[in-house]
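I'm opening my notebook on this one. Let me jot down what I look up as I go.

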Amino acid sequence: MTTLVPNMEFARLASDEDIATVVAALTAKGMAASLVEDRAEARRRVLDLLPEGAEVYTALSQTLEVLGLHEEITTSSRYIPLRSEIDKLGREGRMSRAGRKLMASPEYVIGSDVRCSDADCWCRAQISRRPAACNRLPT
C-alpha cells in the first residue's frame with residue numbers, strides 16, 4: 001500500500017505579497033478584484049453584487065459553505081435559488097431539454113476557485129463571469 005505524503009507547500013497561507021500579486025494580475029487582465037479582511041466582509045461583498053430577485057446557482061464550494069452563502073441563497077426570499085430547483089428535477093429531469101436549459105442559463109453563478117503557481121497566479125470568488133473578490137480567509 002502506498003502512503004500518501006501531503007505537499008506542505010499547500011499548507012501555508014499566502015503572503016501579503018502573493019495576494020497583492022494575484023490582485024494585480026487579475027486587474028491587469030481586466031477583472032475586478034478586491035481584497036477583503038474577513039469572512040463577514042467577503043460574504044457582504046458577494047451578497048451586495050447579487051441583485052434582489054436574481055436567479056442564482058450556487059456551485060459546490062467549501063468556501064460558499066464556510067461563508068454561509070449557499071444557505072443564504074437557498075433560504076432567502078431575496079433570490080431565486082436554482083440549485084434546489086435543479087436538485088428537485090432528479091436525473092431524468094436534469095437530462096431533459098428544460099433541465100439542461102435551466103442548468104445552462106442561470107442569471108448568476110457563484111462559486112470559488114483558487115490556483116497558484118510560479119508561472120500563473122490567480123484566484124476568484126466568481127459571480128457570473130466576473131470575479132468578485134480575492135481573499136485569504138482566516139482559519
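I started at Tyr-79: leaving out residues up to four places away in sequence, it touches Leu-47, Leu-50, Pro-51, Ala-54, Val-56 and Ile-73. Contact here means heavy atoms within 4.5 Å.

This is a predicted model, where local features need pLDDT of at least 70, side-chain atom pairs count only at pLDDT 80 or more, and totals for chains, interfaces and linings use all residues. Residues are numbered from 1 along each chain as its sequence is written, and side-chain values use heavy atoms, with hydrogens and water left out.

Of its 14 residues, Leu-50, Val-56, Leu-69, Ile-73, Tyr-79 and Ile-110 touch the most other members. I found that α2 (39-49), α3 (62-67), α4 and β3 (108-116) each supply at least two residues. Helices (H or I, at least four residues) and strands (E, at least two) are DSSP runs, numbered from the N terminus.

**Confidence**

I checked pLDDT, the predictor's confidence in each residue, from 0 to 100. The protein chain has a mean of 76, and 80% of its residues reach 70 or more. Over residues 117-139 pLDDT stays under 50, and the model has 68 contacts beyond four places in sequence for them.

Methods
Core = buried A, V, L, I, M, F, W, Y, C linked by side-chain atoms within 4.5 Å. Buried < 20%, exposed > 50% of the residue type's maximum accessible area, 1.4 Å probe, protein only.
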